[in-house]
Amino acid sequence: MRELCRAFLHRLASLFRRRHLEADLDAELRSHLEMAVEGNLCQGMSPEQAHRQALLDLGGIEQTKEMYREQRGLPMIETTLQDLRFGFRILRRSPGFSVMAVLCLTLGIGANAAVFSWVEGILFRPYPAVSHQEQLLALTGTARAESGPTDISWPDLLDLQRSCTLIDSFIVSKIMGTTLSNGDRAEVMVGSIVSANYFDAIGVHPILGRGFEPGEDSGRNAHPVTVISFQLWQGRFKGDPQIIGKTQRLNNVEHTIVGVMPDGFYGTFVGWAVQFWVPASMEENFEAGGYKLEDRSARWIEAYVRLKPGVTRAQAQQEISAVARRLEADYPETNRGRGIKLWPLWQTPFNNSGTLLPTLEIMVAVVVFVLLITCANVGNLLLVRSFARRHEMTVRLAIGAGRGRLLKQLLTEGLILSAFGAAGGLVATHWCSHALVLLFPARGGVAMHLPGEIDWRVLAMSAGVCLLATLVLGLVPAMQIGKIDVAAALKSDSAGVLGGGAKAWARSGLVMVQVSLSFVLLVGAGLLLQSLQKIRNTSPGFSTHEVLDTAVNLVPAGYDAQRAQNFQDELLERVKALPGVESAAFARMTPLSYRSFSSTPIAVDGYQHPSEEQPTVQYNEVGPDYFVTMGIPLLSGREFTRADDEKAALVAVVNETMAAQYWRGRNPIGERVQVEGRWMQVVGVAMDSKYESVREAPKPFFYVPLRQNFDRSAGLYIRTPLSPETMATALAREVHALDPDLALYEVITLQEELDRSTSPQKVALTLVGVLGALALLLAAIGLYGVISFAVSQSSRELGLRMALGADASNLLRLVISRGLTLTGGGVLLGTAAALALTRLLGNLLYKVSPRDPLAFGSALVVMTIASLAACILPGWRAARTDPARVLRH
Amino acid sequence: MASPKSEVLQGTLDLLVLKTLESMGPMHGFGIAVRIQQVSEDLLQLNQGTLYPALLRLEQRGCVVSKWGISENNRNAKFYSLTRAGRKQLAEEAENWDRMSAMINRVLRTS
């Protein structure tokens, strides 16, 4: 073994002293020959004979040198270097081709690398600052009565923490926001309510000050301390080195800043960069619904767990489920029908990884398509070039190059191209790592934080893609080498000898692949376009134009309920008095915004739910004139008035689905519904509208008066034909007149709100559409190339046909039918692929079947038009063939 | 062909070179070639050129070292000499050869 190593090092070293060693070998062989000649002369040979015999005995100088060189260096490395040098020279000689190929590959590989980096940064390695994030799992509750995951209560979490032995730590991190006034604009700051072990458990430590101490997460409002992010420290506090110990008013409570986190740590919530953290003891100050640390029925926590080393998710789940069953038995009134579930990080249901998953899936599929298309396209370019290089290849074969050696040369050239493409792609990925955010609108005035992550896995993936591309790129022209018939090819240099049929077949095959891939993308784009249109044409059940939506958050400004009510009343009066305002109302939640409505268990007189559990229904707290302002028609009864205040009898308005489901055709007006133990009288039935998504099915929903269920963070809705900008100025003036410390959120139309809610569809449509158009263009160019090549190759045949009486239109038809045959083959392939793949679009489609004939039909039409366009020019050239000239040659 | 000449058996050239160097001391390539042919009484058909890759191979393995010097008739020549590792290698390979040839002889005689 040591000997082998030594020999290898010896050989390796020789690579770098080639010139010296070559001179040495020269001298040694010269001295050998001289001695041999001398010896031969002594035996009485003539000088010529002596020289000849010496060479014979040696076996030739060059042959000896070649043998020696093979023993001396590392032939594989040497030939590779040689291939690289040669490859570079070849590519430099045709810069147009090389630049085109590298650009194509940069697009293909770069798109893949960028999407992989997003998948890595959002789904698989979302928290680069956190140590051992592979041991982290997300934790949520489940409830038999609800379809989705639920939050967890603090007492349940403490019980889990005490009882689970397989779990290293339970980490609470509940996202929330506060508003800091910044001039006359409200600036939203994303914060997080965390357990005291948070920073230690995730293994990220403050660069200044300290994290939270054990016990700081208990006691009602007992520990007004906060840890801030590096960005907040640098931005708002200008990097103040004396920051520790200073105070910051958060939601009207002075918090002492005890720590600053390192740069690059953005908390643990995919989609948002967290700016500050407070311990769970301060929860009441930031969360609606009062003090919840001792309330087992208040479910508000989002949490992660860190597994002990070697524990699997299944084992931990088993243990947690056992504890959850015990909690069900111990606390039936709060925990019946409820469990606890662990999720892999990339499926975390409470942050944006879950919502982005379908979009990312489509992106991955689309970029793989782009890669295939670019490979097919560059492959086609290479084929054309291999035709130009067939003479070179033939000569090299003839003078003794092995086919393997030629293959290696071609693969090396492919590698050079794809390596440049990969390098360009990675640079592009680095630039684009934050580009994903551009596809998603800011929500509530805060830009999302969706960084890509370029780590070794992304690099390895890109290298893999690059190698794959190399193989394709090298093998396409290599297929042709196998077919070279040296003797025949050397004899005649004219076209057609080099297995023209096979080459044409390969190129046609590649074009068909391109056509089929772009057909799939066209179908996808068609489906997405249709569903986006359907979404647009679907009435959400309220007016979207001429209704503006904004908010003034009174909680951070320290308003209590009474002051907030007075403020709302006064603002409403002032707004209604503004010119152009038709009506205005407050309500807690905006439909189709990113937040979800609260839901509550209800009971209805005389209604027995099929299952044992209480049914839960979502609701909204709305002020007087809400239905008029929003344009939601009332089917019967009345809407809330100013008389429905805290002193009046409790009332509710239900929607038509709820009326149908719980009162089964009876008129619900005057009937009672029980909400959280309080009985309310139904006074109106509203038409169904969309609440959380335009795509949702009709569902039960009810409204309660804001005054009887007061919340300080209500939004303001204004019906007016004026533009949001005009209104914003007037509104800001009125708000300032009432309280100069208050700031206004952005003012947008409900249509804007609706448009934002369809952003996943738009992102998908943009991606698929743009790339589909690109693919179509590439396919058309490929088709054009194949057809015009075929025309130029068969000019004799065309001339003959013409001489025999075919006219120009016959030839044009001939050429076009050839092009359409290829297109037809591609479309057939593409249809099969599309039928299998459009299911991926699944939940992005709305009222459109993944096999929608309209989408397939229009893709076919577009494809046909594109291929006709691609064939016209070569067809025209064929039709203009001059038989006299062609046949003479 | 008048006298049947043997080709050098694959892998035995190294052994021949090592043995020559052991008995003759430091030698240049031409000298080794002449010596091998003499000892084999010209029955061995040696392509002298193959000696040089063999010498390089032995040098890479550390069995021989080379040094430029002056030959007996005043020429510049590269002299090869056996190292300690080379001697060990020779002993091993010679023993291997003995064992192998004895075995082959036995097989040839019995069948």
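This is a predicted model: local features need pLDDT of at least 70, side-chain atom pairs count only at pLDDT 80 or more; totals for chains, interfaces and linings use all residues.
Figure 1. Chain B carries four helices and five strands. Read from the N terminus, its elements go β-α-β-α-β-α-β-β-α. The C-alpha trace of chain B covers about 55 × 35 × 20 Å along its principal axes. How much of chain B counts as buried? The share is 28% of its 111 residues. As for contacts in chain B with a separation of 6 or more, 53% of them link residues 24 or more positions apart.

**Figure 2. The open sheet of chain B has three strands.** The order across this sheet is E2-E5-E4, and the pairing is antiparallel. Which strands sit at the edges? They are E2 and E4 of chain B, each of which pairs on one side only. On one side of the sheet, strand E2 (residues 27-28) of chain B is held to strand E5 (residues 76-82) by two bridges. One pair to pick out here is Met27(B), whose bridge partner in E5(B) is Tyr80(B). On the other pairing, seven bridges tie strand E4 (residues 64-70) of chain B to E5(B). Zoom in on Trp68(B) and you'll find its bridge partner in E5(B), Lys78(B). For background, strands of a sheet pair through backbone hydrogen bonds, either parallel or antiparallel.

**Figure 3. E4(B) and E5(B) make a hairpin.** Five residues lie between the two strands. Look for Asn74(B) in the turn: its phi is positive, about 65°.

**Figure 4. Tyr80(B) at its place in strand E5 of chain B.** Is Tyr80(B) buried or exposed? Tyr80(B) is buried, because 24 other C-beta atoms lie within 10 Å and the cut-off for buried is 20 or more. Skip the neighbours within four places in sequence, and the contacts of Tyr80(B) are Leu21(B), Pro26(B), Met27(B), Leu55(B), Val64(B) and Ser66(B). Of these, Met27(B) is also the residue that has Tyr80(B) as its bridge partner.

**Figure 5. Helix H2 (residues 29-39) of chain B and what its buried residues pack against.** The buried residues in H2(B) are Gly29(B), Phe30(B), Gly31(B), Ile32(B) and Ala33(B). Within chain B, the buried residues of H2(B) pack against helix H1 (13-24), E2, helix H3 (51-60) and E5. They also pack against H2 of chain A. After H2(B) comes Glu41(B), with a positive phi near 50°.

**Figure 6. Chain A meets chain B.** In this view, 22 residues of chain A are in contact with 17 residues of chain B. H2(A) provides the largest share, seven residues. Sorted by class, the chain A side has seven nonpolar, eight polar and seven charged residues.

**Figure 7. Chain A, with its 29 helices and 21 strands.** The radius of gyration of chain A is 37 Å, while the globule rule gives 29 Å for 889 residues, so chain A is more spread out than a compact globule. Along the principal axes, the C-alpha trace of chain A spans about 135 × 80 × 55 Å. Buried residues account for 41% of the 889 residues. Among contacts in chain A with a separation of 6 or more, 81% are between residues 24 or more positions apart.

**Figure 8. The domains of chain A.** The domain assignment lists domain 1 (2-73), domain 2 (146-336), domain 3 (356-536 + 759-888) and domain 4 (547-750). How far apart are the centres of domain 3 and domain 4 of chain A? Taken over C-alpha atoms, the separation is 54 Å.

**Figure 9. Helix H6 (residues 95-124) of chain A.** At 1.5 Å a residue, the 30 residues of H6(A) should span 44 Å; the end C-alpha atoms are 40 Å apart, which agrees. H6(A) is also mostly covered, with 21 of its 30 residues buried.

Conventions
Residues are numbered from 1 along each chain as its sequence is written. Chains are lettered from A and ligands numbered from 1 in the order in which they are written. Two strands pair if DSSP finds at least two bridges between them. A residue is buried if 20 or more other C-beta atoms lie within 10 Å of its own, exposed if 12 or fewer, and partly exposed in between; C-beta atoms are placed from the backbone. Two residues are in contact if their C-beta atoms, placed from the backbone, lie within 7 Å. Ala, Val, Leu, Ile, Met, Phe, Trp, Tyr, Cys and Pro count as nonpolar, Asp, Glu, Lys and Arg as charged, and the others, Gly among them, as polar. The radius of gyration is taken over C-alpha atoms; the globule rule is 2.2 Å times the number of residues to the power 0.38. The expected span of a helix is 1.5 Å times one less than its number of residues. Domain bounds come from an automatic or database domain assignment.
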